[in-house]
Amino acid sequence: MSAVTLYRRSRMGVMRLLPVILRTLSKRAQYSTQGAIISNPRGRSRQIRIGDMDIVPWTTAGMESCVVVSLSIGQSKKLHLAFDMGYACQQSVKCNHVFISHGHMDHCSAMHQHASKRSLMRNSPAKYYLGSELVRPMETIQENLNQISEFPFQADWTVTKPNDVIQLPGPYHVVPFKTFHRVPSMGFLLYKTTSEVKEEFSKYSRSELKQMELRGEQVYNEVVSPELAYTGDTTFEVFTPPSIPDLLKVKVLITECTYINTVKNINEALTRERGHIHLHEIIRNQHIFSDVQALMLVHFSERYKAENIFHTINKLCPTELKGKLYSACVDKEETHIASY
Ligand SMILES: [Zn+2]
């Protein structure tokens, strides 16, 4: 029997979907009312589709964090990105752009393993975007590993900092932003550029617009939209106010929420001191997320089981917030994703 457990809210209240039920569902069943699709487990992890983004979250505070995001870039091509690399999960190996939020082991210690796995799969070296303070130590580790390994691997360490513009294949680019943690840290905001017909030309057909374009008229506007943000480890200060205003306008915001209750005196002040976010801060400030379409909480403390997380969030969060809320954690070596 699969150990994967999913939860959803029904008219009858909270319902736990037992593993035995999962086995009878179609390969890609829709579980949530928000239109998100959670896939069946692939290995120990599973994927959620929110809008046009496929997300594989694998994060536990202090242990390992890696969030894989896959996007279509046309002609059946996909862009695979990884945010943090504390665990080189199977789905992360296809990622050739890896964004590192900070130098704590649970967020970056699997970069070399990721590079080595890609090398064995005959993939080109990935680009690892990281703070300048991390590059030399990572190069040294790579040199040492390549000395003892029969199969040396390559890695492209790329220094980045807040407000850089990192161009990616297709219509996407990433802008790092400042976050607040115990060591130098940053989050990442993914943008998409699309073309939109100018309002004054909206009444024309496609072929008429084509004719106008051929005559040299500018019928399209370029629209840049904030699609997804990943905060990595940070205090709530990252949102009040955000150093990059688009942070609170993204379609999908993936943020840490290390603590969810006050057991063992883990209150908001102590959480802040440790450089993290408490669920109570998110609830108290829920109004600031009004423009965010989907809010995914990750990076829960290892002390919480998947059921604790689901029931606490479900009990404490107001209905309006729950309408856009997801949580993802790792429990018993498997991912558990919930919508509310
Ligand atoms: Zn950290």
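Strands β5 and β6 form a hairpin with three residues between them, and Gly62 in the turn has a positive phi of about 75°. Helices (H or I, at least four residues) and strands (E, at least two) are taken as DSSP runs and numbered from the N terminus. The structure is a predicted model, in which local features need pLDDT of at least 70 and side-chain atom pairs count only at pLDDT 80 or more, whereas totals for chains, interfaces and linings use all residues. Residues are numbered from 1 along each chain as its sequence is written.

Strand β6 (residues 64-72) is largely enclosed by the rest of the structure, because seven of its nine residues are buried. A residue is counted as buried if 20 or more other C-beta atoms lie within 10 Å of its own, as exposed if 12 or fewer do, and as partly exposed in between, with C-beta atoms placed from the backbone.

Over the protein chain, the secondary structure comprises nine helices and 18 strands. Of the 340 residues in the chain, 38% are buried. Contacts (C-beta atoms, placed from the backbone, within 7 Å) were considered between residues at least 6 apart in sequence; 58% of these join residues at least 24 apart.

The largest nonpolar core has 74 residues, and those with the most contacts inside it are Val67, Met85, Val98, Leu189, Ala229 and Met296. Such a core is a set of buried Ala, Val, Leu, Ile, Met, Phe, Trp, Tyr and Cys residues joined through C-beta atoms within 7 Å. Beyond its neighbours within four places in sequence, Val98 is in contact with Ala82, Met85, Met111, His114, Ala126, Lys127, Tyr128 and Tyr129.

Ile254 is buried because 27 other C-beta atoms lie within 10 Å. When neighbours within four places in sequence are left aside, Ile254 is in contact with Val67, Ala229, Tyr230, Met296 and Val298. Ile254 and Met296 are 42 residues apart in sequence, yet 4.7 Å apart in space, C-alpha to C-alpha.

Strands β15 and β16 pair in the parallel sense over five bridges, and the bridge partner of Glu256 in β16 is Val298. Strand β16 pairs with β17 (residues 325-331) as well, again in the parallel sense, over three bridges; here the bridge partner of Met296 is Tyr326 of β17. Five of the five residues of β16 (residues 294-298) are buried, so this strand is largely enclosed by the rest of the structure. Both faces of β16 are covered, with Ala294, Met296 and Val298 buried on one side and Leu295 and Leu297 buried on the other.

Helix α5 (residues 206-214), by contrast, is hardly covered, as the count of buried residues among its nine residues is zero. This helix is followed by Gly216, whose phi is positive, near 95°.

Key. Contact = placed C-beta atoms within 7 Å. Pairing = 2+ DSSP bridges.
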